[in-house]
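Morning, everyone. Let me put the model on the screen and walk you through it.

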Amino acid sequence: MKHLNDLLLLGDPRLYEVCEPVSKEELPLVKEWVADLHNVMEEIRAKYNFGRAIAAPQLGIMKRVIYMNIDKPVVFINPVFDNISEEMFEMWDDCMSFPNLLVKVKRHKSLTIHYLNEHWLEQSWQMEDDLAELLQHEYDHLNGVLCTMRAVDDKAFKYRM
């Protein structure tokens with residue numbers, strides 16, 4: 001079982017790598033990965049009082065998996081976006097890999113995410129506002145992109161008190 005000290009932190013070169021898709025043969029591993037993601041997210045919530053989703057590469061699992069738990073757990077395997085809105089909004093983004101830093105970024109207001117669930121069944125979900133923002137943040141992790149790289153300008157950083 002992975003723990004908070006297994007979380008990759010800002011500067012770790014693995015955070016900048018593009019993740020590989022999950023193959024159907026790897027599906028039995030997903031349950032273990034999700035358990036690790038859930039455990040670390042719970043530890044982040046206990047220590048820092050935030051955390052709605054986490055991407056597999058944040059734990060050094062270089063696969064295209066996102067785990068979200070707001071009202072119930074949802075596993076996104078090999079997600080893809082479409083119907084991305086042109087309308088964008090600015091917001092202060094946070095990240096478990098640098099928990100005391102906030103970064104002002106622009107995100108798309110809405111999108112549709114297509115993915116496989118933990119049973120390898122195709123799913124899609126139209127998201128708006130905070131959920132769309134959240135999944136854009138996690139999806140970026142799968143592509144080796146951190147919100148620090150999306151900062152709106154060089155003054156778009158602040159320390160979380």
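**Strands, core, cysteines and pockets**

Before going on, some ground rules. This is a predicted model, where local features need pLDDT of at least 70, side-chain atom pairs count only at pLDDT 80 or more, and totals for chains, interfaces and linings use all residues. Residues are numbered from 1 along each chain as its sequence is written, and side-chain values use heavy atoms, with hydrogens and water left out.

Now the strands. Strands (E, at least two residues) and helices (H or I, at least four) are DSSP runs, numbered from the N terminus. Strand S1, residues 53-55, joins S2 through three bridges, and the two run antiparallel. Strands count as paired if DSSP finds at least two bridges between them. On to S3, residues 73-82: S2 and S3 pair in the antiparallel sense over five bridges. Val65 stands opposite Ile77 in S3. A hairpin of three residues connects S2 to S3.

Why is S2 largely enclosed by the rest of the structure? Because five of the five residues of S2, 65-69, are buried. Buried means under 20% relative accessible area, with exposed over 50% and partly exposed in between (1.4 Å probe, protein chains only). Look at the directions. Val65, Tyr67 and Asn69 point one way from S2, Ile66 and Met68 point the other way, and all are buried.

In soluble globular proteins, nonpolar side chains tend to be buried together. Here the largest nonpolar core has 21 residues, and Val30 and Ile54 have the most contacts inside it. Helix H1 (27-48), S2 and S3 each supply at least two residues of this core. H1 gives the largest share, eight residues. By nonpolar core I mean a set of buried Ala, Val, Leu, Ile, Met, Phe, Trp, Tyr and Cys residues joined through side-chain atoms within 4.5 Å.

Cysteines now. Cys95 counts as buried because its relative accessibility is 2%. Cys147 is also at 2% relative accessibility, so Cys147 counts as buried.

Last, the pockets. A pocket, on a 1 Å grid over the protein atoms alone, is an open set of points where a 1.4 Å probe fits, with protein on both sides within 12 Å along at least five of seven lines; lining residues have an atom within 4 Å of a point. Volume is the space filled by probe spheres set on the points.

The largest pocket holds about 200 Å³. It has 15 lining residues, and the closest to its centre are Phe50, Arg52, Asp93, Asp94 and Leu134. Strand S4 (88-93) and helix H2 (129-142) each supply at least two lining residues. H2 gives the most, four. By class, the lining has seven nonpolar, three polar and five charged residues. Ala, Val, Leu, Ile, Met, Phe, Trp, Tyr, Cys and Pro count as nonpolar, Asp, Glu, Lys and Arg as charged, and the others, Gly among them, as polar.

The second largest pocket has a volume of about 170 Å³. Its lining includes Phe81, His108, Tyr139 and Arg150. Strand S5 (101-108) and H2 each supply at least two residues there.
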